[in-house]
Amino acid sequence: MREIVLDTETTGFKPEEGHRLIEIGCVELVNHVATGRNFHRYINPERDVPADAVAVHGLTGEFLADKPLFNAVVADFVEFIGDAPLVIHNAAFDMNFLNWELKIAGYPVMPRDRAVDTLMMARQKFPGAPATLDALCKRFGIDNSSRTYHGALLDAQLLAEVYLELLGGRQAGLALSAGPLGTGGTSIRIDRPYRAPRPHAPSEEELSAHAELLGKLKNPLWVAE
């Protein structure tokens, strides 16, 4: 099964207010294992980048001025993702921008149900707990120390690790990547502290409480011995 873990950076929150994509990062997974094939492009938004957006991702208008327009990268992007499901954190945001840009470029938009939203997965699995990418990296012991700014490719690489953990975690000794995760030499390290096995035998107090509960039931099917 082929999946694409995807992240974007933008000039703002809403494309309908004139904001544009400025970075796309994708990581290919096959059977939940990263293959080493990535897609990464910076994009000239043909507009200024507000200071509050630069504070998040560090991408200035000057840096993006000589980068290709979306029209110049869209064909490669569409070819790379193919018809694979897209794994995205807060999928509605990225899908909104991607479909806006695809429509402008004359390409078919993508159905929203094509996206697997890891934000929703995290909220369902850990109700009430923080579900940002940073919070999930901390929860799963994923090293995100190189994440000074948000970056589409690095965030997609981290999300690939988080996604695997949300699915139930890797088997012992199974490497996530069959090759290098990043084209720019970025690696991801997971350090998990040793935790001693917890005792599972019931205490005397628990046994007593259980016996009291059974005494209140009529013809219980199971009786403690």
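A residue is called buried under 20% relative accessible area, exposed over 50%, and partly exposed in between. Keep in mind that this is a predicted model.

Q: Why is His32 called partly exposed?
A: His32 has a relative accessibility of 25%. His32 lies in the loop between strand S2 (21–30) and S3, and has a positive phi of about 70 degrees although it is not a glycine.

Q: What makes Asn90 count as partly exposed?
A: The relative accessibility of Asn90 is 36%, so the label is partly exposed. Asn90 sits in the loop between strand S4 (86–88) and helix H4 (91–104). Asn90, too, is not a glycine, yet its phi is positive, at about 65 degrees.

Q: Why is Phe39 called buried, and what puts Phe77 in that class?
A: The buried class takes values under 20%. Phe39 comes in at 4% relative accessibility, so it counts as buried. Phe77 has a relative accessible area of 0%, so Phe77 is buried as well. For the protein as a whole, buried residues make up 40% of the 225 residues.

Q: Why is the pair of Phe39 and Phe77 called tilted?
A: A pair of aromatic rings is described by two values, the distance of the centres and the angle of the planes. Rings pair if their centres lie within 6.5 Å, and planes under 30 degrees apart would be stacked, over 60 edge-to-face, the rest tilted. The centres of Phe39 and Phe77 are 5.8 Å apart and their planes are at 55 degrees, so the pair is tilted.

Q: How do you know that this pair links distant parts of the chain?
A: Phe39 belongs to strand S3 (residues 33–42) and Phe77 to helix H3 (residues 70–81), and the two are 38 residues apart. Ring pairs also join Phe39, Phe77 and Phe80 into a cluster. The whole structure has 5 aromatic pairs.

Q: What makes H5 oblique to H7?
A: The axes of helix H5 (residues 118–125) and helix H7 (residues 152–166) come within 11 Å and cross at roughly 40 degrees. Angles under 35 degrees would be roughly parallel, and roughly perpendicular starts at 65, so H5 is oblique to H7. The crossing of H5 and H7 is left-handed.

Q: Which residues make the contact of H5 and H7?
A: H5 supplies Thr118, Met121, Ala122 and Lys125, and H7 supplies Leu159, Tyr163, Glu165 and Leu166. By class, these are 5 nonpolar, 1 polar and 2 charged residues.

Q: Why are H6 and H7 called oblique to each other?
A: Helix H6 (residues 133–140) and H7 pack at about 55 degrees, with axes 10 Å apart. That angle falls between the 35 and 65 degree cut-offs, so H6 and H7 are oblique. H6 passes H7 in a left-handed crossing.

Q: What does the contact of H6 with H7 consist of?
A: Leu133, Leu136, Cys137 and Phe140 of H6 meet Asp155, Leu158, Leu159, Val162, Glu165 and Leu166 of H7. This contact has 8 nonpolar, no polar and 2 charged residues.

Q: Which pattern does the protein follow along the sequence?
A: The order is β-β-β-α-α-α-β-α-β-α-α-α-α, which comes to 8 helices and 5 strands.

Note on methods. Residues numbered from 1 in each chain as written. Predicted model: local features only at pLDDT ≥ 70, side-chain atom pairs only at ≥ 80, totals over all residues. Heavy atoms only, no water. Axes fitted to C-alpha atoms, helices over the stretch in contact; angles between N-to-C directions. Helix = DSSP H or I, 4+ residues; strand = E, 2+ residues; numbered from the N terminus. Parallel < 35°, antiparallel > 145°, perpendicular 65-115°, else oblique. Left-handed = near helix turned anticlockwise from the far one by under 90°. Contact = heavy atoms within 4.5 Å. Nonpolar A, V, L, I, M, F, W, Y, C, P; charged D, E, K, R; others polar. Phe/Tyr/Trp six-rings, centres within 6.5 Å; stacked < 30°, edge-to-face > 60°. Buried < 20%, exposed > 50% of the residue type's maximum accessible area, 1.4 Å probe, protein only.
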